[in-house]
Amino acid sequence: MKNVIILAALILLLPVVSVGENNDVNVLNYYAVTNSIDGQPLINRINVMRFLPVFAMRDYVDSVHVTIFFGSKIYSRSAVSVEGGRYWEVMLPQFRLGEAIQRIEVEVQFGLPMSYQNKIDLVKRKYDHALDKLRKDRESAEAIKKQLPVLEQSIKSLSDSLLRTGDKDTAKARYATQMKESNNAFENLGITSNEADGLRIPFAESDSADYFQKRANLLERKNILSPDTIHAIHLLVESRTKLVQEYQKTYIELATEEQRLKKTLRHNRSLSDSLARTVLQSEESITSLQSRYLLEREMLTSEIEKEIEVGLTDTMYVGPAVKKSDLIIDADFKKARILYRNYKTVLRKMLALDPAERVGIFRIRYIPFAIVGIENSPMSLRGQFSKTPTTTFEVGLSFGDAITPGDEFVPTEFSLRRLGVAFAVTQKLFTDDADIIAIAVTYDFNSYASIGYGANFAHGPVRGYASLGINKKVFEQVVAALGKLFE
């Protein structure tokens, strides 16, 4: 019987030896679709987290940022895309035995479909075209308006120049003097100014006969028969006619040009007022169009935001953890961010374990105190500090798993899953005088402590066995802490 137990002990020890050589990376998986964690931190291991986005959103994810809260520390890192975004991986901090993650936040940034941007761009292009036309009209009116003062000044300068070179008043005064001299010359011949005006030679040569008829009638009435006098009268008439013609030409041309310039100035001022109204109307139209654009864009933006929010807060699409408060949509609708939060209290019960506890379903316990019955001795306390020092280990087979398969399940304090069976061994396992070769039923209080009760097969007759087991590293920490009390 003793040999059978030794053989069973060797079989149980094989996986324990293999775990000591296992230095693989410990992976915790965060599933967005269920907002759950699969895995548990380990001490003395490189712990990494893999965030698995929702499959339907996987191709749109641009970046993933992970924040871990544990103890009084906050650990924040950007994750790296692996296998084309199939999952995002980030290294976790080093954990000490018994530490647990309190909560996890995963910020996922992803691109939105182009259809949202196209809707916004379509509205923008429509208003941009109308605004560009209005702005061009306004700029053209402003450019012409800026030239009007220069044109007005040029017209005034031209008007002043014309009046200086042929002043109407000067022309009028010179005409009055010459006309007075002409009247005096006619009066010396007994002809009044009105009669002299009636003798002016018409402009058209075809009407010259009228002049000769008028002169003949005048000479007959005045009884003027002298050829010299008649010739003198004819010369005076020619001179008077030229005087009137020159005056009319000079004065009328000056007056006409002045009126034309005044009319141009009035038109210039009217045009300036019209352009000012055009500029003002253009500005009002631009302001109105901009207001309509902002209103239409705001309405469209609100509709798009609601559409996106409905889709991205649908728990059937993004997972059960996302709420409206966890969603941020960029103003240009190119990107959006979702914050996945895992604040479940069960997360805090998944304490960092010793890798020795993770040997499939096997685990090893250090037994500082064992109550053992041996030959010629009743049930007595055996341990490292007893009269006969004994170093005892229990290699156990648990019915449950110390590594919880997900954050939806953590074994309760009293559970059949915590039951197991273990084989107790000492440093004298392969000698005939070994005091402990026992098999016991165990119950794990947690990942670090257990109790056991069974039978000791050493020295022939079967005797009782009871134990209190703890994790070896926990015991080392306890001993170190107790040692400091006596320093």
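In the predicted model, strand E1, which spans residues 26-31, pairs with strand E3, residues 47-52, in the parallel sense, and the two are joined over 6 bridges. Within this pairing asparagine 26 stands opposite asparagine 47 of E3, while tyrosine 31 has leucine 52 of E3 as its bridge partner. Strand E3 is also joined to strand E7 (residues 87-91), here by 4 bridges and with the two strands running antiparallel; in this second pairing, valine 48 has methionine 91 of E7 as its bridge partner. Both pairings belong to an open sheet of 5 strands, whose order is E2-E1-E3-E7-E6 and whose pairing is mixed. The edges of the sheet are formed by strand E2 (36-38) and strand E6 (80-82), each of which pairs on one side only. Neighbouring strands of the sheet are turned against each other by 30° on average, direction ignored. Strands of a sheet pair through backbone hydrogen bonds, in either the parallel or the antiparallel sense.

Asparagine 35, placed in the loop between E1 and E2, has a phi near 55°, a positive value in a residue other than glycine. Asparagine 44, in the loop between E2 and E3, likewise has a positive phi, near 55°. The surroundings of these asparagines can be described through their accessibility. Asparagine 35 has a relative accessibility of 6% and therefore counts as buried, the cut-off being under 20%, whereas asparagine 44 is classed as exposed because its relative accessible area of 52% is over 50%.

Salt bridges were examined next, and the count comes to 8. One of them is formed by the side chains of glutamate 83 and arginine 86, which meet at 3.2 Å, N to O; glutamate 83 is exposed, with a relative accessible area of 53%. Another salt bridge involves arginine 337 and glutamate 107, whose closest N and O atoms are 3.7 Å apart. Since arginine 337 lies in strand E10 (residues 335-342) and glutamate 107 in strand E8 (residues 101-111), this pair ties together parts that are 230 residues apart in sequence. Both side chains of the pair fall in the intermediate class of accessibility, arginine 337 being partly exposed with a relative accessible area of 28% and glutamate 107 being partly exposed with 32%.

A salt bridge is also formed by the side chains of aspartate 444 and arginine 365, which meet at 3.8 Å, N to O. Distant parts of the chain are linked by this pair, aspartate 444 being in strand E15 and arginine 365 in strand E11, 79 residues apart. Aspartate 444 is buried, with a relative accessible area of 10%, and arginine 365 is buried as well, with a relative accessible area of 1%; both residues are placed in this class because their values are under 20%.

A nonpolar patch is found on the surface, formed by Phe369, Ile371, Met379, Leu381, Phe445, Ile451 and Leu468, which together have about 630 Å² of accessible area. The elements that contribute two or more residues to the nonpolar patch are strand E11 (362-374) and strand E12 (377-383). Phenylalanine 445, one of the patch residues, is found in the loop between strand E15 (438-444) and strand E16 (449-456), and counts as partly exposed at 41% relative accessibility.

Strand E15 also contains valine 441, which is exposed, with a relative accessible area of 51%. When residues up to four places away in sequence are not counted, valine 441 touches Gly420, Ile451, Gly452 and Tyr453, and Ile451 is in turn a member of the nonpolar patch. The C-alpha atoms of valine 441 and glycine 420 are separated by 5.8 Å, although the two residues are 21 residues apart along the chain.

Notes. Residues numbered from 1 in each chain as written. Predicted model: local features only at pLDDT ≥ 70, side-chain atom pairs only at ≥ 80, totals over all residues. Heavy atoms only, no water. Pairing = 2+ DSSP bridges. Axes fitted to C-alpha atoms, helices over the stretch in contact; angles between N-to-C directions. Patch = residues over 30% accessible without salt bridge, like charges linked within 9 Å, V, L, I, M, F, W, Y side chains within 5 Å. Areas by Shrake-Rupley, 256 points an atom, 1.4 Å probe, with all protein chains shown as cover. Salt bridge = Lys/Arg side-chain N within 4 Å of Asp/Glu carboxyl O. Buried < 20%, exposed > 50% of the residue type's maximum accessible area, 1.4 Å probe, protein only. Contact = heavy atoms within 4.5 Å.
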